[in-house]
There are 2 protein chains.
Amino acid sequence: MKVVKFGGTSLASAAQIKKAVEIIQADDQRQAVVLSAPGKRDNQDTKITDLLINTHKQKTAGEEYLPTFEKIRARFVELSELLEVDVNIAAELDVIEQKITAGTTLDFVESRGEYLNSLIIAKYLGAEFVDAANVVRLTIDGRVDPESYELISKQLGNATGRFVVPGFYGTGPDGEIKTFSRGGSDITGAIVARGVNADVYENWTDVSGILQADPRIVPAAQSIPEITYAEVRELASCGASVFHEEAIAPVRDAKIPINIKNTNSPADCGTMIQPTRSAEKMPVVGVSGKKPYRILNAEKFMLNRYPELPGQIKEALTQQDLAVEFDMKGFDSFALMVDSSSNFDENAICKYILEKTEVDACSFGMTVALVGIVGAGLQSQTGLLGRMLSALDQAEIGIRSISYGGSQLTALLAINLEDYENTLKVLVAQLQK
Amino acid sequence: MKVVKFGGTSLASAAQIKKAVEIIQADDQRQAVVLSAPGKRDNQDTKITDLLINTHKQKTAGEEYLPTFEKIRARFVELSELLEVDVNIAAELDVIEQKITAGTTLDFVESRGEYLNSLIIAKYLGAEFVDAANVVRLTIDGRVDPESYELISKQLGNATGRFVVPGFYGTGPDGEIKTFSRGGSDITGAIVARGVNADVYENWTDVSGILQADPRIVPAAQSIPEITYAEVRELASCGASVFHEEAIAPVRDAKIPINIKNTNSPADCGTMIQPTRSAEKMPVVGVSGKKPYRILNAEKFMLNRYPELPGQIKEALTQQDLAVEFDMKGFDSFALMVDSSSNFDENAICKYILEKTEVDACSFGMTVALVGIVGAGLQSQTGLLGRMLSALDQAEIGIRSISYGGSQLTALLAINLEDYENTLKVLVAQLQK
């Protein structure tokens with residue numbers, strides 16, 4: 001069985017939904033369908049989920065909320081008409097409106113986009129509608145309750161026909177509707193895939209997979225054909241907006257591959273996220289970065305004798321509302337990359353650190369961006385890193401720090417802030433050689 | 001004023017001493033002379049200090065010790081005859097013999113080589129003999145007592161003529177003779193330089209300065225013309241047998257440069273150790289390594305939230321008598337370089353770590369050597385590192401880890417153990433390009 005999940009952009013309009021349905025029907029194995037709420041049809045449009053949240057907010061604030069709800073109603077009524085499905089959508093919307101008026105929870109309200117969309121599309125597909133409330137369980141803090149896997153396995157594991165499960169929500173420990181974080185439909189897809197022990201979890205989006213770098217910075221970035229779960233995590237740690245950890249964990253544990261595909265270009269292979277891969281052809285999968293950080297250089301004679309010191313400084317910085325992203329050791333010194341997205345008084349911070357910790361000296365150095373080069377091939381093709389650094393040198397980009405080996409998948413560089421975009425471009429060009 | 005210190009090899013024979021004296025007399029500023037005990041005249045010879053230690057050992061063990069002492073006596077008598085100096089060396093030796101027979105301390109006995117040698121050479125030079133017992137003070141644990149600087153400043157700071165101070169010893173808090181660690185004459189030289197506020201501390205040896213790498217591994221290694229105190233420390237941390245920290249600290253604090261010179265080739269510039277240098281001409285000063293280490297790869301999901309973890313593992317390893325030389329962080333993992341010069345049961349160690357700490361997983365990887373590339377120019381000439389790594393790649397040497405930035409002076413690489421010597425050769429060849 002394959003699990004196919006479609007995101008909001010893939011389901012924004014009747015035309016988009018028809019594309020998705022065509023994809024689903026092209027493969028009989030695509031039995032389990034997980035759907036988001038309708039997204040934006042164009043740049044001026046508002047996502048259904050945002051409209052639902054606004055309705056709840058207005059109701060709670062004692063403001064007029066029905067006009068907002070009417071927009072939602074109009075959109076779903078239009079959708080069911082365009083798709084010509086036989087669903088009493090008006091009655092469903094009435095029930096929701098009554099509950100909003102009665103003061104129901106935000107979680108219930110914001111989950112209705114997925115609910116209604118799945119109801120309509122299940123009918124259009126001629127598939128069974130399975131309310132996520134009956135098969136997905138969340139913990140009190142909004143995380144996946146592993147009980148969900150058993151519920152899904154029992155109820156859907158041996159399904160012979162197609163079924164549609166709304167994403168984003170389930171039932172909390174109190175029996176009420178509870179939602180995951182935004183984008184939680186990816187999590188639902190992973191839970192269903194794990195529950196039915198799917199052969200693959202197809203995640204249909206509006207891009208042809210995970211790209212080698214942020215395409216807004218590197219337009220030449222290409223789709224990554226194969227990547228491991230661990231590499232995705234490292235890319236995300238380096239700042240890439242890739243698949244969310246919570247949406248990977250359920251399938252990773254069961255070694256089910258995730259295939260990121262493009263609804264608008266279904267023939268593209270997309271990206272296959274899997275337990276292992278051969279790193280020979282593509283040693284490095286991608287590059288990603290975050291910024292800005294200030295380098296805090298601290299000195300401690302015979303640092304090796306004070307293993308607790310970097311932790312002490314982190315603690316002191318936390319007390320000053322500063323976050324440390326990464327730290328590196330030397331023999332008599334070490335460096336910490338301090339998040340500098342908001343301003344701070346560096347003299348006061350250094351004074352505080354000198355008071356609170358045992359460092360001999362400390363000072364802030366330059367402002368940098370951190371860029372990660374991610375790929376299992378760094379380990380096997382050890383000349384890669386030298387070529388990457390040489391390419392940066394030829395582009396007159398200076399390396400402020402480099403760390404490779406703490407993770408065998410990622411080389412993390414610090415470069416001058418103003419070199420950020422160029423660094424990503426040069427590295428991707430090097431990857432594509 | 002210049003302080004000149006000569007090591008044992010430079011003073012092993014009358015011929016060598018004449019070379020040293022010629023050097024001293026060639027420059028009127030070379031007023032303060034610090035001397036070691038006579039070293040080996042050839043490979044079969046024994047250092048005077050070793051003979052003295054043996055005498056004391058034999059006496060303490062109740063064995064015959066006078067034959068050993070007679071060898072010492074013969075050597076000093078011969079030396080004073082060859083140099084034709086008017087010193088009652090026989091009387092001095094008689095006093096020492098009596099004290100040994102009476103059961104004096106090891107510190108007193110082992111210090112007599114420097115004492116007698118300085119007495120003879122002071123006479124030969126026509127210089128004043130200043131017993132270190134009167135100007136050098138040691139703490140109870142054998143370290144420099146800063147009171148020494150004041151004593152020397154008062155007694156010798158305004159000296160108009162030449163004077164000779166024996167190295168290696170001084171007076172402890174109990175008023176008795178106390179020695180520094182072996183090679184302590186370098187420390188005495190530094191103390192005297194600090195005390196008289198010397199313009200330079202010339203340290204005369206049998207090599208023309210600090211070399212770019214261990215010449216036993218890299219015969220092509222050349223002398224480093226200029227190096228900073230900090231770079232010397234980093235080279236030493238990476239395993240180089242360079243100037244001892246305790247012999248640098250006194251002059252470093254006073255910003256007095258150290259000039260390492262060759263008694264057998266006095267025209268060579270040698271190496272100047274100084275507070276700062278321009279890194280433009282020679283960005284990297286040298287390379288050095290240590291081995292063997294096993295890489296311990298440990299995993300911890302969201303490591304950044306557990307700053308105490310690397311310290312915990314170090315502690316656990318210490319309890320198992322294992323030392324961690326260096327550690328590097330990743331995002332969900334980290335690596336520790338564990339000294340593997342003695343064998344250990346890696347499964348038992350991993351089991352112990354899993355029990356005692358919060359790591360998710362740990363395993364030992366390959367056996368490596370650590371090689372440091374040291375130089376202030378790594379910071380300004382940021383392309384260097386890429387070229388070094390490329391050169392290693394071309395020599396088919398794989399990089400297991402690299403860390404640069406925790407120290408701005410050193411890039412520390414881990415390479416396969418069998419690549420150790422070749423790595424040093426390739427890097428030095430690259431430095432000399």
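**Close-up views of a predicted two-chain model**

View 1. Residues 373-433 of chain A are 44% helix and 25% strand, with the end C-alpha atoms 15 Å apart. The model shown here and in the views below is predicted. In the UniProt record, an unreviewed entry, the annotation "domain: ACT" covers this stretch, residues 373-433 of chain A.

**View 2. Domain arrangement in chain A.** The domain assignment divides chain A into domain 1, residues 2-206, and domain 2, residues 286-431. Between the C-alpha centres of domain 1 of chain A and domain 2 of chain A the separation is 42 Å.

**View 3. Relation between the two chains.** Two copies of a chain are related by a rotation about an axis and a shift along it. Here chain B is superposed on chain A by a rotation of 180 degrees with a shift of 0.1 Å along the axis, at an RMSD of 0.1 Å. This is the relation of a two-fold axis. Both copies use the same surface, in that 100% of the contact residues of chain B recur in chain A.

**View 4. Surroundings of Asp327(B).** Asp327(B) belongs to strand β12 of chain B, which spans residues 324-329. With a relative accessible area of 6%, Asp327(B) is buried. The side chain of Asp327(B) forms a polar contact of 3.0 Å with the side chain of Lys329(A). When neighbours within four places in sequence are left aside, Asp327(B) is in contact with Pro310(B), Lys314(B), Ala335(B) and Leu336(B), as well as with Lys329(A) of the other chain.

**View 5. The cysteine pair Cys350(A) and Cys362(A).** The closest cysteine sulfur to that of Cys350(A) is in Cys362(A), at 3.5 Å. Because a disulfide requires the two sulfur atoms to be within 2.5 Å, this separation is too far for a bond. Cys350(A) is buried, its relative accessible area being 10%.

**View 6. The cysteine pair Cys362(B) and Cys350(B).** In chain B, the sulfur of Cys362(B) has its closest cysteine sulfur in Cys350(B), and the distance of 3.5 Å is too far for a bond. Cys362(B) is buried, with a relative accessible area of 13%.

Conventions
Residues numbered from 1 in each chain as written. Chains lettered and ligands numbered in written order. Predicted model: local features only at pLDDT ≥ 70, side-chain atom pairs only at ≥ 80, totals over all residues. Heavy atoms only, no water. Buried < 20%, exposed > 50% of the residue type's maximum accessible area, 1.4 Å probe, protein only. Domains from an automatic or database assignment. Least-squares fit on C-alpha atoms with pLDDT ≥ 70 in both. Contact = heavy atoms within 4.5 Å. Helix = DSSP H or I, 4+ residues; strand = E, 2+ residues; numbered from the N terminus. Polar contact = N/O pair within 3.5 Å; in protein donor to acceptor, adjacent residues only side chain to side chain. UniProt positions renumbered as here; feature names shortened; annotations may be inferred.
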